[in-house]
Number of protein chains: 2
Amino acid sequence: MKTLAQNISKTILNILSKKNNVFPLHEPCFHGNEWNYVKECIDTGWVSSTGQFVNKFEELLAKYTGSKYAVAVVNGTAALHMCLKIAGVKNNDEVIIPALSFVATANAVSYCGAIPHFVDSEEKTLGIDPSKLDDYLNDIAIVRSNQCINKITGRKIQAVVPVHTFGHPVDLDAIKEICEHFSLALIEDAAESLGSFYKGCHTGTYGLLSALSFNGNKTVTTGGGGAILTNDKKLADYAKHLTTTAKKAHKWEYIHDYIGYNYRMPNINAAIGCAQMEQLPIFIDLKRKLALKYEIAFSKIEGVSFFVEPNFGKSNYWLNSILLDKPSIEKRNFVLELINSKGIMARPAWNLLHLLPMYKDCPKMSLKTSKKIADSLINIPSSVII
Amino acid sequence: MKTLAQNISKTILNILSKKNNVFPLHEPCFHGNEWNYVKECIDTGWVSSTGQFVNKFEELLAKYTGSKYAVAVVNGTAALHMCLKIAGVKNNDEVIIPALSFVATANAVSYCGAIPHFVDSEEKTLGIDPSKLDDYLNDIAIVRSNQCINKITGRKIQAVVPVHTFGHPVDLDAIKEICEHFSLALIEDAAESLGSFYKGCHTGTYGLLSALSFNGNKTVTTGGGGAILTNDKKLADYAKHLTTTAKKAHKWEYIHDYIGYNYRMPNINAAIGCAQMEQLPIFIDLKRKLALKYEIAFSKIEGVSFFVEPNFGKSNYWLNSILLDKPSIEKRNFVLELINSKGIMARPAWNLLHLLPMYKDCPKMSLKTSKKIADSLINIPSSVII
């Protein structure tokens, strides 16, 4: 066990820059126009909810992803919350999400008053296993008048939210087919996958709506931020309306026609986002080069393998992952202890969501593969290295 | 009517700086360390959810307001949402709020699954009328086992949320006494009143919890931002925990023990906030000087009066207000049309909340004074003028 941990540690240190003593998991990279754009905001006083950078950032996102519309919001959780709401998720509905995800995926479901319904992931993508999902829904669900009903709980299942885990695209064609068959809305949690593509299409452009995140640990950051992507003009307009307190346009009157949200991204955060988007192709290139170095280096280490993008996709390799050949929390934690002690910031996958106290009674299928992944996966430093 | 409108227009133009052609209602003022602090964030890469400026900003807020604790969040709406949640507002509870407020006050109640219950304001403060509130609660409410029950709807009334409207302090002593008598939590919506004091205490320090806002139009801005104030350490700790995804401290594990929120203020926004807080005493001084100029000038104009802070308080005069002697929406709109056409950005009070479609069926008392205020009030340019 100790040899394996030491080999992993050495392999990582050989690849990372020798200049540092500490290697963060993912730190932001500001080498572009961040400062100029932020200065412009401060000099002109346009730092808040109006200003040109929000529109510009939305245009850059739409152009890069190929999505017709992008609506910038305050963070990825808010983006996913709005996607679900706009897709019609209501109180007491169920929403299918992977058990292997960050807690925000489940929380966004809860904010709608709905119940997360956990499904298993596959080793090939680390995301929802379409084959298991199909079998499971055939078993527990029935479609009546275009509504998918969970036969066991009697509740409506309204949507499926695949997550492009650590940036790697899930098998969207297969999941989309299942969604169509079972009358389920497809909402992509693309919080981690800006710069990742599925069969040539940017992740987040397959679903009805999708959520991006620009938190400080993401490939592109705005400090805190997120965005909603959609190809449907009506949904995009509604997203913008709902996220800006649902205020109707008027030169001075305050008329709001829905229970809206204060989810608009401030202009100063969008200014950083614009500068970051200009560098995104370089970031992706450098991140993929780092992943390739890891892949080659880890191919020579026994007992562990580097996770490689599925063959139908091109990943941003947001967080690089290694997987122990023999899943074991003890072994995983031993490796984590040792490599963290060397200044290498590494972490396990998230605790599976159905194990958290607030989600322990939610419906779920067998989560065997998710557990296997959680017991063997370690994320290793993945910052853009210039 | 035309003479009145022209007199108002001339009076305002005489006071405002002659340098400009357009006079915003409230624009931010960046003359301090905004630049230096933001540059530090970008240079060090600390722009997001961790970084020294968030803690520093919280300390500055606590120090200035005299509140023991301050928790910085993503905006004022999020702050109020958390205050209500932490105060135990639950699904199907009622929360008493003024009908005369920005829609966020009601929306925050809705996010908890609770129902806004609208009460009237008084002319002296523009905020909740304590005398009417007391009579009303004696009429419709009963306290059973320390719970206030609305006898008409059968629902629990959990909290009262006075708003310090346009920065002017409400009569907190009177409202606090009513809250104690009826077992109601006092939550202050101090979104507009940073720098306003009630009998020597900063607004937002009387209630169990209170919410501040640092939106771009506020006295102090962080682009977008808010804060929760409380004197209770347990509540402050819970607020910080809930607003940071309820993640338990661990060097790498992702364990969350509540349905948490992604409401943390990014470090880059807090950096601006720190610079702004350093200037706050000057801002307040200049804003109060502008208000005094308005007060003197409008004392000579027939048909309209300038709103002056109640005698028990010291207001930040966030938004200066004039009130037409004879309330009339037609007259108010005529004045608004004319003065806006001169480049003076002016606006009415918000549409009363019980008139908005999503809140039209909520419980309410007679809202006679709120209507009178709404029909006669006009906010006029209030930026810090240096």
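These legends accompany several close-up views of a predicted two-chain model. Residues are numbered from 1 along each chain as its sequence is written, while chains are lettered from A and ligands numbered from 1 in the order in which they are written. In this predicted model, local features need pLDDT of at least 70 and side-chain atom pairs count only at pLDDT 80 or more, whereas totals for chains, interfaces and linings use all residues.

**View 1. Chain A laid on chain B.** A turn of 180° with a shift of 0.0 Å along the axis brings chain A onto chain B at an RMSD of 0.0 Å (least-squares superposition on C-alpha atoms of residues with pLDDT of at least 70 in both copies). That is the relation of a two-fold axis.

**View 2. Where the chains meet.** Chain A gives 49 residues to the contact and chain B gives 50 residues (contact: C-beta atoms, placed from the backbone, within 7 Å). Elements giving two or more residues on the side of chain A include α2 (34–44) and α9 (267–298) of chain A (DSSP runs numbered from the N terminus: helices, H or I, at least four residues; strands, E, at least two).

**View 3. An open sheet in chain B.** Four strands follow the order β12-β14-β16-β15 (chain B), with antiparallel pairing (strands pair if DSSP finds at least two bridges between them). Strands β14 (residues 320–324) and β16 (residues 377–380) of chain B share four bridges, and here you will find Leu323(B) opposite Leu377(B) in β16(B).

Technical notes. Two residues are in contact if their C-beta atoms, placed from the backbone, lie within 7 Å.
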